[in-house]
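Hi everyone, thanks for coming. Please have the sequence and the model open, and we'll walk through a few places together.

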Amino acid sequence: MEFLDNWFSLSWFSWTKLKSFDWEQPMWFYALAVIPLILILRWVILVKFRDRLPIALTKNDIKNDPISILRFIPPILFYLVLALVIVALARPQSTNEQVEQWSEGIDIMLTIDISESMQIEDFKPNRLEAAKDVARNFVAGRFQDRIGLVVFSGDAFSRSPLTTDYELLNSYIDDISFDLIENRGTAIGSALAVSTNRLRESDSKSKVMILLSDGDNTAGNIDPITAAQLAQAYDIKIYTIAIGKEGKVPFGTDFFGRPRYVENTLDETNLREIAKIGNGNFYRVSDKEALVQVFDEIDALEKAEIKETRYKDTTDYYAIYLRWALVFLALWMLTKSTFITNAMTD
């Protein structure tokens with residue numbers, strides 16, 4: 001192990017290093033309390049039972065020699081050996097845990113209406129901007145799902161293929177504007193066909209289309225019901241969302257800058273039938289909060305199972321402290337054989 005190459009370093013005894021360890025057997029630290037008990041027991045034994053030699057000396061002959069302090073070195077070394085053995089028994093470790101997540105994933109096509117009526121301001125700032133904001137939040141909540149983007153008005157075209165590059169996908173969502181398609185109208189059938197074309201070759205176990213529109217089918221050369229049946233043939237589940245309030249809704253301003261109101265109606269029949277054919281759900285939303293709730297519900301319904309594998313890489317450091325214990329044990333044995341040992345007490 002590489003860390004044993006630099007074991008002879010005082011950094012192993014720093015408080016920061018000791019705090020960084022995970023201790024496999026921390027109960028051994030209670031054994032450290034035995035060391036002061038040994039010290040007290042040794043002192044009691046020395047005081048009560050050591051031999052005393054009567055020697056007649058005058059007071060002037062009795063002097064304290066500083067060198068006598070050295071006799072405390074051997075017992076200190078011995079107690080250090082005990083402490084280091086206890087630290088080693090507590091098993092200092094460092095654990096590097098890695099988590100790997102994966103899922104089989106779901107393929108999802110966001111199919112968003114960008115027709116002129118999506119500029120209506122019953123949603124703030126308008127229907128399209130509210131839809132873009134909610135779509136971004138939806139994308140942020142996914143994990144390893146491939147998501148694509150189709151926009152439509154009088155025509156439909158694929159804005160983004162199925163991808164797990166959510167940063168790139170969000171940039172495509174940000175760039176959605178009303179001038180992406182020149183032809184006016186609402187080509188729901190064409191939008192379903194383009195989205196189906198993106199999903200039909202998918203090998204995913206779950207293929208989902210989320211269609212958001214505020215109007216009836218008024219353009220394109222494909223009937224929405226026929227397009228929905230084609231999607232169903234490829235096992236594509238379709239959720240449809242009708243966005244917008246009924247009645248008078250704000251749409252731009254007049255010559256004096258005052259809000260201009262237009263009459264808004266929406267025939268839900270086609271969108272309901274499309275969802276039914278696609279084995280999905282139909283939703284009608286009249287404000288942004290409701291739109292958020294719908295996407296949250298779809299998000300919950302279409303969650304892939306996320307599997308997780310954890311890897312633990314554990315490194316033991318007890319060998320370092322055992323090596324230090326051996327060093328101090330050798331020093332203790334050497335000092336026991338030198339002049340600094342008090343033969344009368346040790």
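**A short tour of the model**

Let's start with one leucine: at 34% relative accessibility, L322 counts as partly exposed, because that value falls between the 20% limit for buried and the 50% limit for exposed. Please keep in mind that this is a predicted model. You'll find L322 in helix α10.

Let's follow α3 for a moment. This helix covers residues 73-89, so 17 residues, and from its first C-alpha to its last it reaches 25 Å, close to the 24 Å expected at 1.5 Å a residue. Several α3 residues are buried, among them P74, Y79 and I86. Just after the helix, R91 takes a positive phi of about 60 degrees.

Now, on to the inside. How many residues does the largest nonpolar core have? It has 35, and I108, L110, I210, L212, I241, L291 and F295 are those with the most contacts inside it. Two or more core residues come from each of several elements, including β3 (107-113), α4 (127-140), β6 (207-213) and α9 (288-301). Helix α4 gives the most, with 7 residues.

Setting aside neighbours within four places in sequence, F295 is in contact with L110, V134, F138, I210, L212 and I241. There is also a second, separate core of 23 residues, which includes I188, M209, L266 and A275.

Next, look at T240 in strand β7. Is T240 buried or exposed? It is buried, with a relative accessible area of 0%. If we leave out residues up to four places away in sequence, T240 touches L211, L271, I274, A275, N281, F282 and Y283.

Let's turn to charges. A search of the whole structure finds 15 salt bridges. One of them is between D214 and R127, with the closest N and O atoms 2.8 Å apart. The two partners are 87 residues apart in the chain, with D214 in the loop between β6 and α7 and R127 in helix α4. Both D214 and R127 are buried.

Through shared partners, salt bridges join D133, R136, D174 and K288 into one network.

Last stop: the backbone. Most residues other than glycine have a negative phi, and most peptide bonds are trans. Here are some spots to check against that. The peptide bond from K124 to P125 is cis, with omega near -5 degrees, and P125 is found in the loop between β3 and α4. D235 has a positive phi, near 60 degrees, and is exposed, with a relative accessible area of 62%. N279 has a positive phi of about 55 degrees and is exposed too, at 55%.

Terms used. Residues numbered from 1 in each chain as written. Predicted model: local features only at pLDDT ≥ 70, side-chain atom pairs only at ≥ 80, totals over all residues. Heavy atoms only, no water. Helix = DSSP H or I, 4+ residues; strand = E, 2+ residues; numbered from the N terminus. Expected span 1.5 Å × (residues − 1). Buried < 20%, exposed > 50% of the residue type's maximum accessible area, 1.4 Å probe, protein only. Core = buried A, V, L, I, M, F, W, Y, C linked by side-chain atoms within 4.5 Å. Contact = heavy atoms within 4.5 Å. Salt bridge = Lys/Arg side-chain N within 4 Å of Asp/Glu carboxyl O.
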